[in-house]
Amino acid sequence: MVLAIIGIMAGLLAGNAGAFIETAKEEPPDRILRKAVLDATYMTSQTKEIVYLRYDDENGTLVIENSSGSQLALHRIVELPKEDDFEARETEFSLIFEADVPLAGIDGDEGDWDDEEIFLRRVAFHPSGVSTPFIARLRTGFGNNKEKTFRFDPFSGYPRFTLEDEW
């Protein structure tokens with residue numbers, strides 16, 4: 001009787017282990033974004049040339065490439081959906097890079113920047129260890145449009161915390 005219970009428990013655990021492994025394969029989009037930024041920072045220091053990071057919304061990947069456009073690394077954020085299902089997935093997820101522009105005035109107001117001036121098609125990482133100061137706006141969630149904003153440190157590649165995050 002005890003052996004039968006142990007056998008049933010082992011069967012349940014083995015079945016759930018497969019689900020745990022499948023879930024562990026899928027990393028959250030913000031973790032993949034941070035990993036791609038750190039990889040670009042590392043690759044530019046390794047290759048001693050300017051490296052670019054861009055989001056390819058056609059196949060849901062972050063692409064790290066050199067000045068000639070050769071791909072150095074790919075980080076897939078979303079699984080490739082079936083072609084007829086792509087429209088639904090596209091509205092579910094988006095990633096936009098923006099320049100981290102200086103504040104204006106004595107009070108540090110947002111400034112008078114146009115969206116065209118702020119939008120970055122790709123982010124440049126220089127071999128000197130400095131990237132373009134940028135913000136990544138990651139929108140996930142169908143309908144909810146849950147947006148996470150990451151302000152990356154141009155020297156280390158790590159996300160910077162704001163005062164609100166520290167408290």
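**The open sheet and its surroundings**

Modeller: In this predicted model, the bridge partner of F152 in β9 is P159. That bridge belongs to the pairing of β8 with β9, which is antiparallel and comprises 2 bridges. The hairpin formed by β8 and β9 has 6 residues between the strands, and G157 there adopts a positive phi near 85 degrees.

Moving across the sheet, β8 also pairs with β7 in the antiparallel sense, over 7 bridges. One point of reference is T140, whose bridge partner in β8 is K146. Strand β7 (residues 134–140) is in turn joined to β4 (residues 93–99) by 7 bridges, and these two strands run antiparallel. Here L95 has L138 as its bridge partner in β7.

Taken as a whole, the open sheet contains 5 strands in the order β5-β4-β7-β8-β9, with antiparallel pairing. Strands β5 (119–120) and β9 (159–160) each have a single partner strand because they stand at the edges, so one side of each lacks a neighbour in the sheet. Helix α2 (residues 29–47) packs on the sheet and touches β4, β7, β8 (146–152) and β9. The direction of α2 makes about 20 degrees with that of β8.

F97, F125, F134, F150 and F152 form one aromatic cluster, and the structure holds 4 aromatic pairs. F125 and F134 make an edge-to-face pair, with 6.2 Å centre to centre and 80 degrees between the planes. F150 and F152 form a tilted pair, at 6.3 Å centre to centre and 35 degrees between the planes. The angle of 35 degrees in the F150 and F152 pair is classed as tilted because stacked planes are under 30 degrees apart and edge-to-face planes over 60. As for accessibility, F125 and F134 are both buried, and F150 and F152 are likewise both buried. A further contact with a ring involves R122, which lies over the face of Y52 at 3.6 Å from the ring centre.

The protein has an average pLDDT of 76, and 63% of the residues score at least 70. Among the elements of the protein, strand β1 (residues 51–56) has the highest mean pLDDT (94) and helix α3 (residues 86–90) the lowest (48). Where pLDDT is low, predicted coordinates should not be read in detail.

Methods. Residues are numbered from 1 along each chain as its sequence is written. This is a predicted model: local features need pLDDT of at least 70, side-chain atom pairs count only at pLDDT 80 or more; totals for chains, interfaces and linings use all residues. Side-chain values use heavy atoms; hydrogens and water are left out. Rings of Phe, Tyr and Trp (its six-membered ring) pair if their centres lie within 6.5 Å; planes under 30 degrees apart count as stacked, over 60 as edge-to-face and the rest as tilted. Buried means under 20% relative accessible area, exposed over 50%, partly exposed in between (1.4 Å probe, protein chains only). A charge sits over a ring if NZ of Lys or CZ of Arg is within 6 Å of the ring centre and within 35 degrees of the ring normal. Two strands pair if DSSP finds at least two bridges between them. Helices (H or I, at least four residues) and strands (E, at least two) are DSSP runs, numbered from the N terminus. Contact means heavy atoms within 4.5 Å. Axes are lines fitted to C-alpha atoms, for helices over the stretch in contact, and angles run from 0 to 180 degrees between N-to-C directions. pLDDT is the predictor's confidence in each residue, from 0 to 100.
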